[in-house]
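Subject: Structure for you to look at

Hi,

Here is the structure I promised. Please open it first, then read my notes below.

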Amino acid sequence: MNASIWEASVPEQAFDTLTTDMDVDVAIIGGGITGVTTAALCAEAGLRVAVLEAYRIGRGTTARSTGNLYATIDNQLYALANKWDARTALEVAQSRRSAIDLIASLVQQHGIACDYREADWHLFAPEDDHEAIDAIEREQAALRQAGFAADFIDTLPIGMQARRAIVLPAQAQLNPLAYTAGLATAVRSTKCQFFEHCAALEIDDNIIKMRNAIVRARHIVMATHTPKGFHPIQTELGPYSEYGIAAPVDTPLPAGIFWSLGQTKHSLRGFSYNGQHYVMAIGSKHKTGQAEDTQACYGALEDFLRAHFNINTIAHRWTAQHFRPADGLPYIGRVRGQDNVYVASGYATDGLVYGTLAATLLCDEITGKENRCAELYSARRFAPLKSAGDFIKENTNVAAQMAKDLLTNLPETALENIQPGEGRLIEYDGQKAAACRDAQGQLRLLSPFCTHMKCIVHWNRAEATWDCPCHGSRFAADGSVLEGPALHPLQRVDA
């Protein structure tokens, strides 16, 4: 996958790989912001902790986020109040504000160099879109009702026009990779250990099995964006992909988070490193594995930036995946039927703050400390009236996608016709196959059936990955698991 601007700006930092069996109080699968913060808090509470990351600490979804920290949510607070009630929206916004304060405290406590700074959050409509303007006015009222000083403004500090806009002061921004890797470095010890290249292959009761080691733990936390393996919560989650680009600019953008509503929804911010200033744009959302032309998603973002800024080149391109919960709230805590297994999932695109909030909830639940937000975000909650609409929509989409792919006859394609950088679903030797050729000309032939629930994967040309359109598993060109619920790689097909 393409590297994000954060991965380009933060030097490589290595953590050990676990090669011997070990016993701990808490084993955390996943080394992003949720896993690392949970480890820090559990270690501070006196527990023995091991974090098991399949690839690199902090260099998964966390390193592909915007680095923006805000108390509201991406789908707007007023919409959450409509789905639940005003009290729930207030509790969500205030709990997220507390999580931002915790990040600021940890940055200061450990002296983490991560470009942390306070920044105002802006929501604006760039054109006369009545629906977008109405949404902005509703959001201002919802934020006010939640106790936040959100005001209408006439102009934006970045020079873009706004037909309607609000500002929420005293939010924050940081470099998410520098923060997460820096926190892991600061808190690691003999009782709080971090391990890389340790993919979980089997999770069974109190045991996590990897290729070269076994970890036994009293508590297992799946801080993996979506639960690994098979879990009922996956039917409540919709996997979506979003794209990010960063372009050099001559003048630095002012500190600030800028969200546009209307025909095209984008998130904008600035960042500087190595003496160069950048403007970043995030958007072009679609269901994972269900875009015909993923390169065009980058193109739409480039067109947007060029229309509003003096842009010559695009320096960085990357994608990120998120999982949207059917009832609008993340699932955090013990899973049904397993008192020692915990999940943290369904953050939508609000993961940096929700991941930090999840860490406090998970640590409190593990240590037996009461938390007033535990019931609100419980992974065991049952809210059919709140989730019915999105639950039906997402699962109907999954069923339709699976049926379409299974019933579609694939073309018989000569392998020599597959060009470098190209991936195709083909009929090969009487069976379906996923074929791709890398830039160096090496051909790879794989089973197209996702190892999670046997949906057929689709080629993502922009990222050179195989993406599952059902539950969001993503695989590298060689079939290895990149993210999602799948535990095992795509099977190789002999050519």
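Ala464 sits in the loop between strand 21 and strand 22 (465–467). Strands here are DSSP runs of E, at least two residues long; helices are runs of H or I, at least four long; both are numbered from the N terminus. Phi of Ala464 is near 55°, a positive value in a residue other than glycine. Ala464 is partly exposed, with a relative accessible area of 37%. The cut-offs are under 20% relative accessible area for buried, over 50% for exposed, and partly exposed in between (1.4 Å probe, protein chains only).

A word on the source: this is a predicted model, where local features need pLDDT of at least 70 and side-chain atom pairs count only at pLDDT 80 or more, while totals for chains, interfaces and linings use all residues. Residues are numbered from 1 along each chain as its sequence is written, and side-chain values use heavy atoms, with hydrogens and water left out.

Asp115 also has a positive phi, of about 60°, although it is not a glycine. Look for Asp115 in the loop between helix 4 (86–110) and strand 4 (117–125). Asp115 is partly exposed, at 49% relative accessible area.

Ser98 is in helix 4. Its relative accessibility is 43%, so Ser98 counts as partly exposed. Ser98 and Asn2 are 96 residues apart in sequence. In space they are 33 Å apart, C-alpha to C-alpha.

Next, the strands. Strand 17 (residues 338–345) is largely enclosed by the rest of the structure, because six of its eight residues are buried. Strand 10 and strand 17 run parallel and are joined by four bridges. (Two strands pair if DSSP finds at least two bridges between them.) His225 has Ser345 in strand 17 as its bridge partner. Strand 16 (residues 331–335) runs antiparallel to strand 17, with five bridges. Ile332 stands opposite Ala344 in strand 17. Strands 16 and 17 form a hairpin with two residues between them. In that turn, Gly337 has a positive phi of about 85°.

Now a loop residue. Gln234 lies between strand 10 (214–225) and strand 11 (237–249). Is Gln234 buried or exposed? Gln234 counts as buried, because its relative accessibility is 5%. A polar atom of its side chain lies 2.8 Å from the backbone oxygen of Pro227. Leaving aside neighbours within four places in sequence, the contacts of Gln234 (heavy atoms within 4.5 Å) include Lys228, His452, His471 and Pro485.

Last, the cavities. A cavity is a set of points on a 1 Å grid over the protein atoms alone, where a 1.4 Å probe fits but cannot get out; lining residues have an atom within 4 Å of a point. Volume is the space filled by probe spheres set on the points, which are joined across faces, edges and corners. The count is four cavities of 30 Å³ or more. The largest cavity holds about 60 Å³ of space. Its lining includes Ser241, Tyr243, His286, Trp459 and Asp467. Strand 11 and strand 21 (458–460) are the elements that give two or more residues to that lining. Strand 21 gives the largest share, three residues. The lining divides into three nonpolar residues, seven polar and one charged. Ala, Val, Leu, Ile, Met, Phe, Trp, Tyr, Cys and Pro count as nonpolar; Asp, Glu, Lys and Arg as charged; the others, Gly among them, as polar.

Best wishes

Definitions and conventions:
Polar contact = N/O pair within 3.5 Å; in protein donor to acceptor, adjacent residues only side chain to side chain. 1 Å grid on protein atoms, 1.4 Å probe; cavity = no way out; pocket = protein on both sides within 12 Å on 5 of 7 lines; lining within 4 Å.
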